[in-house]
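Okay, thanks for making time, everyone. I'd like to walk you through one model today, going region by region. Have a look at the screen first.

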Amino acid sequence: MELRSNIPSGPLEKKWEKHRFEMKLVNPANKRKYSVIVVGSGLAGAGGAASMAELGYKVKCFCYQDSPRRPHSIAAQGGINAAKNYHNDGDSVFRLFYDTVKGGDFRAREANVYRLAEVSGNIIDQCVAQGVPFAREYGGLLDNRSFGGAQVSRTFYARGQTGQQLLLGAYQALERQIGLGSVEMFPRHEMQELIIVEGRARGIVVRDMVTGEVETHLADAVCLATGGYGNVFYLATYAKGCNGTAIWRAYKKGAAFANPCFTQIHPTCIPVTGEYQSKLTLMSESLRNDGRIWVPKAKGDKRAPGEIPEEERDYYLERMYPSFGNLAPRDISSRAAKRVCDEGRGVGPTGLGVYLDFEDAIKRLGRNTIEEKYGNLFEMYERITDENPYNVPMRIYPATHYTMGGLWVDYDLMSTIPGLFVLGEANFSDHGANRLGASALMQGLADGYFVIPYTIGNYLAREKFTPVPSDHPEVRAAEQALTERTKRLLSIQGKRTPTSFHRELGKIMWEHCGMARDKKGLEQGLAMIPKLREEFWKNLRVPGSGEELNQSLEHAGRVADFLELGELMCLDALERDESCGSHFRTEHQTPDGEAKRNDKDFCHVAAWEFRGEGKKPTRNVEPLVYENVELAVRSYK
Ligand SMILES: Cc1cc2nc3c(=O)[nH]c(=O)nc-3n(C[C@H](O)[C@H](O)[C@H](O)COP(=O)(O)OP(=O)(O)OC[C@H]3O[C@@H](n4cnc5c(N)ncnc54)[C@H](O)[C@@H]3O)c2cc1C
């Protein structure tokens with residue numbers, strides 16, 4: 001497999017402009033002759049579908065929720081980055097680019113990250129024009145706050161519900177196009193197969209989740225904007241429905257899967273409380289602007305937080321990383337929390353928790369200001385824990401939150417399958433081995449509003465398309481594959497629910513491929529997952545039929561894919577024999593416990609190629625070249 005990144009030549013800051021000029025264009029009158037399928041209506045999908053339809057392409061958009069108003073993007077709390085430098089604190093496109101490359105521990109492509117930083121300002125302008133109610137300062141300018149891994153304030157926000165407000169903007173843009181007839185929307189339709197004809201992506205097969213009907217949709221190009229796969233860990237901050245099925249099925253049809261082991265563990269989530277918990281809740285990183293993180297200095301100190309005097313508290317992030325303090329990046333803050341808990345200084349009933357304390361901020365700024373900034377997050381915390389964070393510190397612990405890995409894409413966001421584009425969290429993205437806070441929304445909207453509308457035209461204008469007949473053998477084969485998988489899942493009639501398999505897989509993943517990994521543990525994980533998968537196919541029980549709304553069936557299909565994807569994640573983690581960003585191999589750490597990269601052997605993207613059922617996939621490599629930033633040891637001290 002050839003991995004051609006297609007990075008334009010020329011100076012970094014001119015690449016995107018030059019590329020846009022050199023792209024082939026589709027004449028406005030011809031655009032309606034081309035059809036594009038967009039799977040996903042989150043920020044990346046809705047933004048992309050609306051923008052392409054606005055240009056004149058015929059778009060079909062699919063999501064599994066009952067409305068494009070409900071994708072997981074809606075859960076995003078803290079904010080979206082942009083290099084506007086409103087605070088005059090030294091921000092610039094280059095600084096955002098630099099922070100992102102460094103934050104990702106030098107495992108992202110320079111050219112893509114620079115473009116992301118370059119279009120970040122346009123995103124804010126676009127969203128403001130759509131009416132997104134960003135927080136404003138007294139004088140009327142948009143307000144900013146800080147997020148991890150940055151020493152400037154560049155995060156735009158709408159209280160603690162930025163994702164919801166941004167999505168309302170994208171959703172309205174999409175609805176407008178639906179109203180105009182240029183987007184046909186298919187809610188409650190789950191894509192299960194990709195159709196490839198003569199080597200190019202030409203359609204998808206979906207299951208109508210209400211009637212069970214199998215439908216085929218054909219087009220000239222397909223865009224997947226299907227989000228992240230972090231629910232492979234079962235317990236995660238993702239919406240329960242998030243899954244990896246669409247990208248996994250594309251992988252099995254030839255799309256390379258890049259860096260699957262790069263998963264983000266977010267430092268500030270509400271700790272796990274019990275064996276049967278099904279979901280974890282994020283407490284936004286924005287809280288670290290004002291909250292201070294600490295644990296008792298003494299091991300096993302069970303006193304209530306208010307009874308522990310100042311001198312007996314360890315504000316460990318401020319101590320270990322004085323320049324970034326509580327805003328150290330997520331991978332580093334998560335590992336620090338794990339370390340103090342492993343030392344026996346964790347708080348709460350399980351000992352797997354640290355305090356996020358607002359006492360000082362409330363004293364300094366007053367309760368009203370804190371309420372204005374974070375009110376809904378405090379309320380959410382109180383509803384879940386029955387503790388009032390205005391009076392007692394929050395208790396938090398790291399949890400799975402985001403996947404930096406995903407389908408490999410070139411500079412144009414095209415996968416290794418011609419005509420298959422991948423946007424948002426579903427691609428291997430611009431975040432390298434660790435994503436900085438507030439950069440996912442930026443990337444999803446950059447891909448949807450500002451990249452795909454150009455690059456899709458460049459592809460369509462260069463290719464010739466003839467209609468694919470509905471009885472084409474590839475179409476028939478894809479339809480049959482879906483029907484047979486459904487039948488197989490329903491026919492096992494064993495004893496265990498999809499949830500019980502999912503929970504067991506999640507435990508294996510967390511233990512063997514979680515916050516800290518080592519060779520032995522990964523090998524154990526690799527031995528356990530195939531056994532669990534074998535049991536799944538012998539002992540699964542899915543009640544009901546395939547001709548109705550059947551959530552157990554939907555879940556079973558997704559778990560079946562997670563059981564394969566989890567194995568690839570362990571394999572990728574095993575073969576990347578270094579530590580970088582979120583991928584912390586305990587064998588490779590500095591004396592003070594930081595990730596130790598091996599640039600000589602691993603300064604590359606690992607892109608896995610499916611070789612067939614039961615066969616080991618091939619690990620292809622795209623070397624990463626740094627011409628504009630120096631490959632340095634990442635330090636936040
Ligand atoms: C709790 C939480 C808070 C966050 N806060 C922030 C934040 O403050 N700032 C930030 O930058 N990032 C944040 N993130 C990350 C960010 O929200 C996500 O990375 C981003 O929203 C993903 O957008 P997306 O469009 O790629 O995918 P999603 O929003 O996940 O959308 C995926 C879409 O694909 C559809 N889909 C998936 N599979 C199929 C299929 N097989 N068939 C049909 N449709 C399918 C779904 O229906 C959905 O419409 C947060 C994440 C979480 C979990």
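Now the ground rules. This is a predicted model, so local features need pLDDT of at least 70 and side-chain atom pairs count only at pLDDT 80 or more, while totals for chains, interfaces and linings use all residues. Residues are numbered from 1 along each chain as its sequence is written, and side-chain values use heavy atoms, with hydrogens and water left out.

With that in hand, take serine 182: at 19% relative accessibility, serine 182 counts as buried. You'll find serine 182 in the loop between helix H6 (162-180) and strand S5 (183-186). The helix and strand labels are DSSP runs, numbered from the N terminus: helices are H or I with at least four residues, strands are E with at least two. The side chain of serine 182 makes a polar contact of 2.6 Å with the side chain of glutamine 177. By polar contact I mean a pair of N or O atoms within 3.5 Å; within protein, one must be able to donate a hydrogen and the other to accept it, and residues adjacent in sequence count only if both atoms are side-chain atoms. Not counting residues up to four places away in sequence, serine 182 touches Ala53, Tyr57, Lys58, Val59 and Gln177, where contact means heavy atoms within 4.5 Å.

Next, helix H4. Which residues of H4 are buried? They are Leu96, Phe97, Asp99, Thr100, Val101, Lys102 and Gly103, and what covers them includes H5 and H12. Let's zoom in on leucine 96, in H4 (residues 93-103). Leucine 96 counts as buried because its relative accessibility is 1%. Leaving aside neighbours within four places in sequence, leucine 96 is in contact with Ala82, Ala83, Asp91, Ala117, Ser120, Arg154 and Met442. After H4 comes aspartate 105, with a positive phi near 55°.

So how do two packed helices get described? By the angle between their axes and the distance between the axes. Helix H5 (residues 110-130) and helix H12 (residues 440-462) pack at about 80°, with axes 9 Å apart. That makes H5 roughly perpendicular to H12. The axes are lines fitted to C-alpha atoms, for helices over the stretch in contact, and angles run from 0 to 180 degrees between N-to-C directions. Under 35 degrees counts as roughly parallel, over 145 as roughly antiparallel, 65 to 115 as roughly perpendicular and the rest as oblique. Among the residues making the contact are Leu116, Val119 and Ser120 of H5 and Met442, Leu445 and Tyr449 of H12. By class, the H5 contact with H12 has 10 nonpolar, five polar and one charged residues. Here Ala, Val, Leu, Ile, Met, Phe, Trp, Tyr, Cys and Pro count as nonpolar, Asp, Glu, Lys and Arg as charged, and the others, Gly among them, as polar.

On to the ligand. Of the 36 residues around the ligand, Gln65, Ser73, Gly78, Met191 and Glu425 come nearest; a residue is near if one of its heavy atoms lies within 4 Å. For methionine 191, a backbone N or O atom lies 2.8 Å from a nitrogen atom of the ligand. A polar backbone atom of alanine 44 is 3.0 Å from a ligand oxygen, and one of glutamine 77 is 3.2 Å from a ligand nitrogen.

Now two loop residues. Most residues other than glycine have a negative phi. Glutamate 198, in the loop between strand S6 (189-197) and S7, has a positive phi near 50°. Asparagine 259, between strand S10 (257-258) and strand S11 (263-269), has a positive phi near 45°. Buried or exposed? Glutamate 198 counts as exposed at 71% relative accessibility, whereas asparagine 259 counts as buried at 2%.

Last stop, arginine 200 in strand S7 (residues 200-208). Arginine 200 counts as buried, at 11% relative accessibility. A polar atom of the arginine 200 side chain lies 3.1 Å from the backbone oxygen of lysine 464. Contacts of arginine 200 beyond four places in sequence include Ile417, Pro418 and Tyr459.

Notes
Buried means under 20% relative accessible area, exposed over 50%, partly exposed in between (1.4 Å probe, protein chains only).
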